[in-house]
Amino acid sequence: SRIIGPNEMCVDTVGSLGYVAPEVLYEKPYSFSADVWSIGVIAYLLFSKKLPFDSIVSMNEIIRKTIEEEVEFEDSIWS
């Protein structure tokens, strides 16, 4: 993790795979909005008991899903 101020940007690749925002994976400058993404992932996990972009295949598959796929809300929990 890294602490950044409200008007600062970060370019370091930090975070836990599966929770990290796409802009971090792209290694683009990001702000606290990346933390908002992670909070959304945690909320999804709390409701559905699974991560939105998880994979048992590889870490590269988790990265691909995070960058390319939309979140699915098809489980009965989302009804």
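Select Asp-75 to begin: it is partly exposed, with a relative accessible area of 33% (buried means under 20%, exposed over 50%, partly exposed in between, using a 1.4 Å probe and protein chains only). Before moving on, bear in mind that this is a predicted model, where local features need pLDDT of at least 70 and side-chain atom pairs count only at pLDDT 80 or more, while totals for chains, interfaces and linings use all residues. Residues are numbered from 1 along each chain as its sequence is written, and side-chain values use heavy atoms, with hydrogens and water left out.

Asp-75 and Lys-50 form a salt bridge, with 3.0 Å between the closest N and O atoms (the rule: a side-chain nitrogen of Lys or Arg within 4 Å of a carboxyl oxygen of Asp or Glu). This pair links distant parts of the chain, 25 residues apart: Lys-50 sits in the loop between α2 (33-48) and α3 (59-68), Asp-75 in the segment after α3. Helices here are DSSP runs of H or I, at least four residues, numbered from the N terminus.

Next stop, helix α3: pick Glu-61 and Arg-64, three residues apart, about one turn of the helix. Their side chains meet in a salt bridge at 2.8 Å, N to O. Glu-61 is partly exposed at 21%, and Arg-64 is partly exposed at 28%.

Key
Helices (H or I, at least four residues) and strands (E, at least two) are DSSP runs, numbered from the N terminus.
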